[in-house]
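Subject: Structure handover and notes

Dear colleague,

Here is the structure I said I would pass on. Please keep it open while you read the notes under it.

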Amino acid sequence: MADAAGTDTAKGRPARRVLIAADKFKGSLTAVEVAERVTAGLRRVLPDLEVAALPVADGGDGTVAAAVAAGFERREVRVTGPLGDEVTAAFALRGDTAVVEMAEASGLQRLPAGVFAPLTASTYGSGELLRAALDAGARTIVFGVGGSATTDGGAGLLAALGARFRTADGESVPPGGGGLAELASADLSGLDPRLADVEFVLASDVDNPLTGPKGAPAVYGPQKGASADDVAALDAALAHYAKVLEEAVGPRAAEYAASPGAGAAGGIGYGALLVGARFRPGIEVMLDVLGFASALEGTELVITGEGSLDEQTLHGKAPAGVATAARAAGKDVVAVCGRLALPPQALGRAGIRRAYALTDIEPDVAKCIADAGPILERVAENIARDFLT
């Protein structure tokens with residue numbers, strides 16, 4: 001296998017310490033399991049190798065798990081799921097810093113298999129999760145968004161935090177993005193006052209605006225079961241929602257709708273911006289929260305990765321963020337993945353010296369998914385031989 005420079009070997013001075021900072025392999029391995037399997041493979045070749053693990057996430061599903069693996073306490077709370085049923089969701093807490101993951105309450109993972117609700121799924125439970133973090137004493141909240149089942153512009157979240165959205169008849173608007181077409185008035189005066197006293201960070205790997213050709217409905221609606229007609233209806237409803245909010249709170253509502261991150265997770269980013277959140281790329285935030293800089297100390301090789309290394313990886317996904325930070329600190333970086341769809345030149349520009357795919361060992365993708373753990377261990381053995389002996 002060639003590295004990003006096209007050479008056939010990467011052998012050199014043995015690394016004293018290896019840091020595994022990989023995201024999950026979605027559908028097969030959690031980030032914690034990836035680290036465990038890579039560690040096992042490395043130590044099969046070098047039993048005494050010092051290996052540190054720092055599972056990472058970019059704000060999407062798996063963000064709370066990564067924080068817990070880094071020493072945060074897992075807190076569970078009953079909240080409203082995207083379809084209105086009650087679910088158990090978790091956030092992570094360390095001191096007065098909370099990591100909240102919207103997918104825990106309002107993600108696709110909360111829908112029954114094969115069921116979508118593009119017009120009616122609500123983010124109300126995500127607002128309840130934020131409120132639980134405030135109740136726990138959080139003064140800094142990292143709000144990771146991604147993997148959502150919803151396209152409601154964060155209206156549900158805002159309602160759970162005290163906002164009121166009414167129809168012309170004075171009734172509460174129906175849940176979901178579709179219901180916003182009936183919105184006649186918005187009142188944000190009842191928002192939880194504690195929001196004004198916290199540092200609220202919107203952590204996302206996407207920078208889409210709320211509406212338009214690059215907005216939440218057009219780009220992500222189809223992933224949530226939205227038909228072409230649904231996408232058009234949702235885009236119009238969210239544009240109307242933003243207009244009503246502009247009448248309620250002034251021009252900042254329109255400014256936020258056009259801001260990077262407003263369209264994240266079906267527009268929940270917009271709701272977060274309205275209550276004072278500051279948008280930052282998710283992986284940058286998480287690396288800070290997880291203590292990546294200190295974990296790098298004494299490390300000579302960093303192993304990152306995710307299920308698929310492709311064009312999306314280069315636009316704010318965890319491996320690209322890890323590689324950027326590690327290379328800035330002068331560390332070599334290699335990646336593991338299930339599937340590799342990037343040429344060596346692109347990997348090199350991203351700061352990844354070489355990528356190792358499960359499909360290099362087992363071409364059958366179905367077998368790679370089913371047997372990801374053992375195959376990843378074999379991949380890690382190859383990394384040990386190439387880079388550490």
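This is a predicted model: local features need pLDDT of at least 70, side-chain atom pairs count only at pLDDT 80 or more; totals for chains, interfaces and linings use all residues.

Residues are numbered from 1 along each chain as its sequence is written, and side-chain values use heavy atoms, with hydrogens and water left out.

Sheet. Helices (H or I, at least four residues) and strands (E, at least two) are DSSP runs, numbered from the N terminus. Two strands pair if DSSP finds at least two bridges between them. Five strands make up an open sheet in the order 2-1-11-12-13, and the pairing is parallel. At its edges are strand 2 (50-53) and strand 13, each of which pairs on one side only. Direction ignored, neighbouring strands of this sheet are turned by 25° against each other on average. Three bridges join strand 1 (residues 17-20) and strand 11 in the parallel sense; Leu19 is opposite Val302 of strand 11.

Helix 16. This helix covers residues 372-387, 16 residues in total, and spans 22 Å from first C-alpha to last, close to the 22 Å expected at 1.5 Å a residue (the expected span is 1.5 Å times one less than the number of residues). Helix 16 lies across strand 11, strand 12 and strand 13, and runs at about 150° to strand 13. Such angles run from 0 to 180 degrees between N-to-C directions, with axes as lines fitted to C-alpha atoms, for helices over the stretch in contact; contact means heavy atoms within 4.5 Å. Buried residues of helix 16 include Ile375, Leu376, Val379, Ile383 and Phe387, where buried means under 20% relative accessible area, exposed over 50% and partly exposed in between (1.4 Å probe, protein chains only). The cover over the buried residues includes helix 1 (31-45), strand 11 (301-309), strand 12 (332-340) and helix 15 (365-370).

Aromatic pairs. Rings of Phe, Tyr and Trp (its six-membered ring) pair if their centres lie within 6.5 Å; planes under 30 degrees apart count as stacked, over 60 as edge-to-face and the rest as tilted. The count by this rule is three aromatic pairs. Phe143 and Phe200 have ring centres 5.9 Å apart and planes at 40°, so this pair is tilted. Phe143 is in strand 6 (residues 140-144) and Phe200 in strand 9 (residues 199-204), 57 residues apart; Phe143 and Phe200 are buried. Tyr241 and Tyr270 form an edge-to-face pair, 5.7 Å centre to centre with 80° between the planes. Tyr241 belongs to helix 7 (residues 228-249) and Tyr270 to helix 9 (residues 264-274), so the pair ties together parts 29 residues apart in sequence.

Cysteines. The whole structure has zero disulfides, a disulfide being a pair of cysteine sulfur atoms within 2.5 Å. For Cys337 the closest cysteine sulfur is that of Cys368, 9.9 Å away and too far for a bond. Cys337 is buried at 0% relative accessibility, and Cys368 is buried at 4%.

Ile283. This residue sits in helix 10 (residues 282-290) and counts as buried at 3% relative accessibility. Neighbours within four places in sequence aside, Ile283 has contacts that include Val56, Ala57, Asp58, Gly316 and Val322.

Regards
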